[in-house]
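Please brief me on the side-chain contacts in this structure.

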Amino acid sequence: MARVPYLDPEDLSAEDQDILARPISLFRVLAHSPGGARAFHGLGGWIRFDCTLDPRLRELAILQVGYLARSPYEWSHHVKIGYDFGVSDADIEALIAETEGRGSALPELDRTLLRGAREMTADGAMAKPTFTALQAELGDQGMVDLCLVISFYNAVVRFLGSMEMDVEPDYQPYLDKYPLP
């Protein structure tokens, strides 16, 4: 159970009920701070719909953060979302292998992107060689977008963990299929 109550639309003022148009647990907790929820939705929406990164690569970066942070909520949600944007079971298995240091058959760009996400998550910054390699492939805007995505989801997993967010039943099968270490 989350550390604060999950809110429902009727718990909110009429002008804030739209915050729960998608009533997932995360938004039901964020609704305690309508301004914060709107800011969160703004950046999250930009990441999903307007970010210049290839959507599959974006989702791989998000999944890497969720896996490394051992965030059941983030991981389960983005396994499902990743499927919608071209992430395959083979990609997820390769991400796990890369995280465990076993290597994989992923293309070099994918492996480098995952390494960059691991570096930012574990070390607080992407190492210069990783950044330079990715910048050669993604360009300056791509690197800013990638670093924003990774940074935002590092914040998200810390929020989820601190709030002790529950994985909704619809997302539990994804966690069951790919359990966290």
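This briefing covers aromatic rings, then salt bridges.

This is a predicted model, where local features need pLDDT of at least 70, side-chain atom pairs count only at pLDDT 80 or more, and totals for chains, interfaces and linings use all residues. Residues are numbered from 1 along each chain as its sequence is written, and side-chain values use heavy atoms, leaving out hydrogens and water.

**Aromatic rings**
- The whole structure holds 6 aromatic pairs (Phe, Tyr or Trp rings, the six-membered one for Trp, with centres within 6.5 Å; planes under 30 degrees apart are stacked, over 60 edge-to-face, the rest tilted).
- F27 and F40 have ring centres 6.4 Å apart and planes at 75 degrees, so this pair is edge-to-face.
- F27 sits in helix α1 and F40 in helix α2, 13 residues apart (helices are DSSP runs of H or I, at least four residues, numbered from the N terminus).
- Both F27 and F40 are buried (under 20% relative accessible area; exposed is over 50%, partly exposed in between, with a 1.4 Å probe and protein chains only).
- F27, F40, F152 and Y153 make up one aromatic cluster.

**Salt bridges**
- There are 11 salt bridges (a side-chain nitrogen of Lys or Arg within 4 Å of a carboxyl oxygen of Asp or Glu).
- D8 bridges to R28, with the closest N and O atoms 3.0 Å apart.
- D8 lies in the segment before α1 and R28 in helix α1, 20 residues apart.
- R38 pairs with D18, at 2.9 Å between the closest N and O atoms.
- D16, D18 and R38 are linked in a salt-bridge network.
- E100 bridges to R102 at 2.7 Å between the closest N and O atoms.
- E100 is partly exposed, at 44% relative accessible area, whereas R102 is exposed, at 56%.

Terms used:
Helix = DSSP H or I, 4+ residues; strand = E, 2+ residues; numbered from the N terminus.
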